[in-house]
Amino acid sequence: MKSITVQQPGQLVIEERPMPSPQQGEVRIRVASAGICGSDVHIYRGHNPFAKYPRVIGHEFFGHIDAIGEGVDPSRIGERVVGDPVVSCGHCYPCSVGRPNVCTELQVIGVHRDGGFSEYVTLPAQNAHRVPDSIPDNEATMVEPFTIAANICSQLQPGPLDVALVYGAGPMGLTSIQALRGVYGVKQIVVADRIDERLAMATANGADVVINNSQLDLTNELQKLGIRPTLIIDAACHPAILPEAIGLASPAARIGIMGFSAEPCVISQQAITSKEISIYSSRLNSNRFPQVIAWMTQRQIQPEKLITHQFAFTQVLEAMEIFEKDQKQCCKVLLKF
Ligand code: NAI
Ligand code: MN
Ligand code: ZN
């Protein structure tokens, strides 16, 4: 089979690999399509501290089950499925309290073990989630990025009284905006980004107010508009954002962060406690695939709006280059296998 492998930082190749056999409790997926994510680029460029090389990358993948390991129901062969990249032990403390995404023995497919940019991939049977026929292949490939939004929203519990502020209108900001609009029905959504074209996408995906904070001071602009956000999602993940968000937030607000920067940022207890602000973090997803599949089935989100490019997997270098360099036009890039 052909697989897309990062052999070492900076070196990405399509190589011939032996077909994997599903082990006990596993299924094998014949991959049909896969999405490129920022974290694939981080592994490619050597910026992911968890990655081990060589690695088949890719954690957003859709296909059909074509083989099963011992102990798996044979009727699953042929099922259309998406793969949850979170492989967990099932018995540690986080797993026991429904947080397998931070399992003490966490293995992320495409990061810690070989991923979905491959003609075939094996994974635990419970990580392969059936997709109803009403969801087309391309949309099914988008389930994983929406599980990131589902996870942070499960922490923040958005509601109809919320005035939301989303930092960043990349794929992660846009999935969050769609969920806040279509699933949770918040009162108002404000989006800040530094790129006008991305702000235009934010508007197309449900934002009410967009602010280019490379040209305008966000605090001033919100003050002028009389907006005090009650729910803030940081999907831009610069270390300067959390302190600013704490300052901007309404009393009783919730703030969700998902960045991995190791750089410190300065925050004061007074700024947090005086307004009794809650700060949550969110990593990957904790069993959110069924929830997002239901959102898609009920047409609460429009995943197709985020897909801007599509390539044969043999064009992966070109696809990666566009994804990395063209932030103005490019959002989600799919590879077809
Ligand atoms: P992206 O790089 O495509 O989008 C980030 C956007 O933020 C860009 O449009 C950029 O112009 C904007 N931005 C940068 N600095 C800003 C600032 N100071 N204020 C407002 N906007 C600003 O990245 P993507 O794929 O949307 O991911 C966003 C972040 O989420 C990344 O840092 C990524 O590492 C993180 N992430 C975290 C996950 C988790 O599970 N915790 C999962 C996936 C991504
Ligand atoms: Mn992803
Ligand atoms: Zn565990």
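**Metal sites, ligand shell and local backbone features**

At 1% relative accessibility, Asn285 counts as buried (buried means under 20% relative accessible area, exposed over 50%, and partly exposed in between, with a 1.4 Å probe and protein chains only). Asn285 sits in the loop that links strand 16 (278–281) to helix 10 (289–297). Helices (H or I, at least four residues) and strands (E, at least two) are DSSP runs numbered from the N terminus. The Asn285 side chain reaches the backbone nitrogen of Asn287 at 3.3 Å. This is a polar contact, a pair of N or O atoms within 3.5 Å; within protein, one must be able to donate a hydrogen and the other to accept it, and residues adjacent in sequence count only if both atoms are side-chain atoms.

The model is predicted: local features need pLDDT of at least 70, side-chain atom pairs count only at pLDDT 80 or more, and totals for chains, interfaces and linings use all residues. Residues are numbered from 1 along each chain as its sequence is written, chains are lettered from A and ligands numbered from 1 in the order in which they are written, and side-chain values use heavy atoms, with hydrogens and water left out.

The zinc ion (ligand 3) was examined next. Its protein donors are Cys89 (SG), Cys92 (SG), Cys95 (SG) and Cys103 (SG), at 2.3 to 2.4 Å. Donors are N, O and S atoms within 2.8 Å of the metal (3.2 Å for Na, K and Ca); water is not among the atoms, so sites may look incomplete. The four donor atoms of the zinc ion (ligand 3) make angles of 104 to 118°, and the site is tetrahedral (four donors with all angles between 85 and 135 degrees). Along the chain, the zinc donors follow the spacing C-x2-C-x2-C-x7-C. Cys92 lies in the loop between strand 7 (86–87) and helix 2 (93–96), and Cys103 in the loop between helix 2 and strand 8 (107–108), so the pair ties together parts that are eleven residues apart in sequence. Cys92 is buried at a relative accessible area of 10%. Cys103 is buried as well, at 6%. The disulfide count is zero, where a disulfide is a pair of cysteine sulfur atoms within 2.5 Å.

Cys37 is buried, with a relative accessible area of 14%. Glu60 is also buried, at 0% relative accessibility.

Ligand 1 is surrounded by 22 residues (a residue counts if one of its heavy atoms lies within 4 Å). The closest are Asp193, Arg198, Asn213, Ser282 and Leu284. Backbone atoms take part in the polar contacts. An oxygen atom of ligand 1 is 3.2 Å from a polar backbone atom of Pro171. For Met172, the distance from a polar backbone atom to an oxygen atom of ligand 1 is 2.9 Å. A nitrogen atom of ligand 1 lies 2.8 Å from a backbone N or O atom of Ser282. The protein covers 80% of the 860 Å² of accessible area that ligand 1 has on its own (Shrake-Rupley method, 1.4 Å probe; for residues, only the protein chains shown count as cover). Helix 5 (171–182) and strand 12 (188–193) are the elements that give two or more residues to this shell.

Several backbone features fall in loops. A cis peptide bond joins Tyr53 and Pro54, with omega about -5°. Pro54 lies in the loop between helix 1 and strand 4. Gln157 is not a glycine, yet its phi is positive, near 50°. Gln157 occupies the loop between helix 4 (143–156) and strand 11 (163–167) and is exposed, at 56% relative accessible area. Cys237, also not a glycine, has a positive phi of about 70°. Cys237 is found between strand 14 (231–234) and helix 8 (241–248), in a loop. Cys237 counts as partly exposed, at 25% relative accessibility.

Definitions and conventions:
Four donors count as tetrahedral if all angles lie between 85 and 135 degrees; four count as square planar and six as octahedral if opposite donors are over 155 degrees apart and all others between 65 and 115; anything else is irregular.
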